[in-house]
Amino acid sequence: MNYPQTLEFLFSSLPMFQRIGAAAYKANLNNTLAISKLTNQPQNNFPSIHIAGTNGKGSVTHMLASILQESGFKTGLFTSPHLRDFRERIKINGQMIPESFVVQFVEQYKQDFEIIKPSFFEMTFGLAMQWFSESKIEIAVIETGMGGRLDSTNVISPLVSVITNIGFDHTQFLGDTLQAIATEKAGIIKPGIPVIIGETHPVTAEVFNSHASNNQSELIFADQKITLKADDPKIKNGLLNLSAHINHQELKIESPLVADYQLNNISTVLATSHVLSSQYPAFQSLKIEDGIKKTLTNTGFTGRWQTLRQSPLTICDIGHNADGIKAVVDQLKSLKYSHLHFVLGVVNDKDIQSMLALLPVNATYYFCKADIPRGLDAHQLQETAKMHKLIGQVYPSVKNALNAAWAAAEKDDLVFIGGSAFTVAEVV
């Protein structure tokens with residue numbers, strides 16, 4: 001097989017949650033364990049950091065990878081979903097996995113996959129671990145897919161576990177209460193391994209305290225450990241400027257991830273870096289400030305409050321659940337503009353009502369459907385949005401919607417694209 005044929009096999013033969021939703025979900029680790037055995041347990045050949053959470057885990061993962069890379073470590077990075085290229089999910093020092101390795105891996109194990117019948121994510125995780133092992137990386141930063149306890153990535157034994165936050169998402173799989181979701185995420189906590197929690201919440205803190213105690217794991221709440229303060233000016237040369245205090249040490253943080261919601265993520269990154277540097281001698285000289293500043297250039301991270309055009313100002317963000325949309329709306333309120341043009345596309349298994357209830361009514365909406373089976377029909381989205389007094393027209397594609405928004409926008413207006421990672425993927 002060549003690379004296009006290999007991709008076709010991956011996308012068409014293996015169930016892919018990002019495309020088809022619930023049918024791809026596997027409620028156990030059996031397939032992942034089978035692939036790990038088949039490939040001789042490659043995940044055990046290098047240290048790792050494990051990151052779960054409802055929102056923010058992508059930002060935290062990429063910032064930590066950048067810090068480690070900037071500190072001289074050959075760093076593997078496993079994330080999901082991809083926005084444009086499948087290989088975005090698997091990188092070493094910012095470089096995507098070679099097409100040739102993807103082809104070789106699939107050809108080598110194709111017959112075994114036909115027996116194991118893994119999901120797309122299970123196979124992708126096995127592919128990443130094999131490449132990382134053969135490439136002799138020095139550390140990997142590994143982001144969970146959906147949950148934690150039953151996530152394919154939960155076969156690793158990390159140096160530190162990280163849970164960014166807990167919110168309502170994927171409730172049909174993880175539970176419909178914050179306690180239930182926190183319990184699933186807390187499944188990544190391993191015996192004796194320190195765990196960082198990004199945000200303290202009274203409902204979920206009890207869950208994390210219980211799991212950490214049962215595993216005799218040190219538990220650190222990042223927002224209690226780190227003090228962050230915005231400098232004046234807060235944004236300078238396109239960077240978010242912060243002063244951070246940790247253990248009587250002050251750091252000057254310049255972050256290319258400028259949205260206000262990144263403050264929680266940065267606190268989580270700082271707390272995790274502190275644990276790494278204080279508990280593991282190999283990581284005692286981490287270049288935290290340089291690493292955060294170079295996150296985008298080191299990792300190729302995109303889609304988080306990203307400016308696409310200056311006139312009219314055009315911004316996209318992949319926020320795709322109620323908490324993510326709230327963060328987007330709060331950020332929009334901080335900007336000055338004449339009128340908001342909102343290009344909106346969502347997937348059909350989210351709590352659409354909760355998301356739409358948060359959106360501003362004094363905007364013009366451009367309803368569209370991302371080009372995936374899970375995308376919600378744009379006409380259905382338009383009708384549901386009317387219930388929340390959100391008014392706009394339907395467009396046949398995300399790009400058509402964006403072009404219409406640009407055509408209608410005056411120079412002092414703001415164009416925003418969001419609602420789903422898959423909507424954003426078509427414009428970045």
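Colleague: Where is P158 found?
Modeller: P158 is in the loop between strand 5 (139-143) and strand 6 (160-163); strands are DSSP runs of E, at least two residues, and helices are runs of H or I, at least four, both numbered from the N terminus. This is a predicted model, where local features need pLDDT of at least 70, side-chain atom pairs count only at pLDDT 80 or more, and totals for chains, interfaces and linings use all residues. Residues are numbered from 1 along each chain as its sequence is written, and side-chain values use heavy atoms, with hydrogens and water left out.

Colleague: Is P158 buried or exposed?
Modeller: P158 counts as buried, at 2% relative accessibility. Buried means under 20% relative accessible area, exposed over 50%, partly exposed in between (1.4 Å probe, protein chains only).

Colleague: What does P158 touch?
Modeller: Leaving out residues up to four places away in sequence, P158 touches S48, I49, H50, K190 and I193. Contact means heavy atoms within 4.5 Å.

Colleague: Switching to rings. How many aromatic pairs are there?
Modeller: The whole structure has 16 aromatic pairs. Rings of Phe, Tyr and Trp (its six-membered ring) pair if their centres lie within 6.5 Å; planes under 30 degrees apart count as stacked, over 60 as edge-to-face and the rest as tilted. Y109 and F113 make a tilted pair, 6.3 Å centre to centre with 40° between the planes.

Colleague: Why are Y109 and F113 separated by about one helical turn?
Modeller: Because they are four residues apart in helix 5 (residues 99-116). Both Y109 and F113 are buried.

Colleague: Which residues do ring pairs link into a cluster?
Modeller: W305, F342, Y365, F367 and F416.
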